[in-house]
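Please read them with the structure open.

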Amino acid sequence: MPESAFDPDRVRDAQDGDEQARNGLLRRLEPILRGYFIKRIGAETDVDDLVQNTLVRVHESLDDLQKPGSLKSFAMKAALFELQDYYRGRYDMNEHLHDPDLPLGQSTDPEDRSAQVDVEKALDALTPKAQRIMELREYGYLYREIAQMLDTTEAAVKMQVKRAFETMKDALSALLLLVWFFGP
C-alpha cells in the first residue's frame, strides 16, 4: 500500500525537526497550491509569490498544527489567507503616484483599487451555515463531502451555495452603488 503524501507520521517527523520530512511535505504541497492559485487568479506572475508565501506560512507554523493528519487543510487555510491578502491589494505596488491636479485620494495608478468593494462585507450578509459552506467550497471540498460534514443532503448544500451567491451578488451591488455615489 503506497504511503500517503501527507502521512501523519511524516508530519510529526517534520514537527520534530526532520528537515528532510519537512522539505518533502512542502515539495508535495507546492503543485497543489500552484493549481489553487492559478484556478482563482489565472496564470499571473503573482502565483509564484502566493505559492512561496503560503509555503513560508506553513513552514513557520507547522509546529502549531495540532492534527498531523490535516496538513493539507492547514496549508489550504494558509493559501486562503494569502489569497485574501492578494485581493486586499497586498501584492500591489507600494508606491502610489499622485497627480496634483486630481483630488486627494485618487491615484494615477491605472490599477488603483481604492474603489473596489470588500467581498468580506458581502460574506457577512450570509447566515453562519452558508458562510461555512462557502468556506468549505473555497477549500476545495466537494458538495458530497460538505453534505457529510454538515449532516445534510448534497442537494441542500447546492441550494445553499446558489442562495449564497445571490445574496452576495445583491450585497456587492448595494455596496458598489454606495461607493459609486459617496466614494470610497
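1. Overall make-up. The chain has 8 helices and 0 strands. Along the sequence the pattern reads α-α-α-α-α-α-α-α. Keep in mind that this is a predicted model.

2. Burial and surface. Of the 184 residues in the chain, 29% are buried. The accessible surface is about 12100 Å². Carbon and sulfur atoms hold 53% of that surface.

3. Contacts along the chain. Take the contacts with a separation of 6 or more. Residues 24 or more positions apart account for 57% of them.

4. Helix 1 against helix 2. Helix 1 covers residues 8-15 and helix 2 covers residues 19-41. Their axes come within 7 Å and cross at roughly 125°. On the helix 1 side, the contact is made by Arg 10, Val 11, Asp 13, Ala 14 and Gln 15. Helix 2 contributes Gln 20, Ala 21, Arg 22, Gly 24, Leu 25 and Arg 28. By class, this contact has 4 nonpolar, 3 polar and 4 charged residues.

5. Helix 2 against helix 4. How far apart are the axes of helix 2 and helix 4, and at what angle do the helices pack? The axes are 10 Å apart, and the angle is about 40°. Helix 4 spans residues 71-87. Angles under 35 degrees would count as roughly parallel; helix 2 and helix 4 are therefore oblique. The crossing of helix 2 and helix 4 is right-handed.

6. Residues between helix 2 and helix 4. From helix 2 come Leu 25, Leu 29, Ile 32, Leu 33, Tyr 36, Phe 37, Arg 40 and Ile 41. They meet Leu 71, Lys 72, Ala 75, Met 76, Ala 79, Leu 80, Glu 82, Leu 83, Tyr 86 and Tyr 87 in helix 4. By class, the contact has 15 nonpolar, no polar and 3 charged residues. Leu 25 of helix 2 is in this contact and also in the one with helix 1.

7. A backbone point to check by eye. Asp 151 has a positive phi of about 55°, although it is not a glycine. Where does Asp 151 lie? Asp 151 is in the loop between helix 7 (143-149) and helix 8 (154-182). Is Asp 151 buried or exposed? The relative accessible area of Asp 151 is 73%. The cut-off for exposed is over 50%, so Asp 151 counts as exposed.

Conventions: Residues are numbered from 1 along each chain as its sequence is written. This is a predicted model: local features need pLDDT of at least 70, side-chain atom pairs count only at pLDDT 80 or more; totals for chains, interfaces and linings use all residues. Side-chain values use heavy atoms; hydrogens and water are left out. Axes are lines fitted to C-alpha atoms, for helices over the stretch in contact, and angles run from 0 to 180 degrees between N-to-C directions. Helices (H or I, at least four residues) and strands (E, at least two) are DSSP runs, numbered from the N terminus. Contact means heavy atoms within 4.5 Å. Ala, Val, Leu, Ile, Met, Phe, Trp, Tyr, Cys and Pro count as nonpolar, Asp, Glu, Lys and Arg as charged, and the others, Gly among them, as polar. Angles under 35 degrees count as roughly parallel, over 145 as roughly antiparallel, 65 to 115 as roughly perpendicular and the rest as oblique. A crossing is left-handed if the near helix is turned anticlockwise from the far one by less than a right angle, and right-handed if clockwise. Buried means under 20% relative accessible area, exposed over 50%, partly exposed in between (1.4 Å probe, protein chains only). Accessible areas come from the Shrake-Rupley method with a 1.4 Å probe; for residues, only the protein chains shown count as cover.
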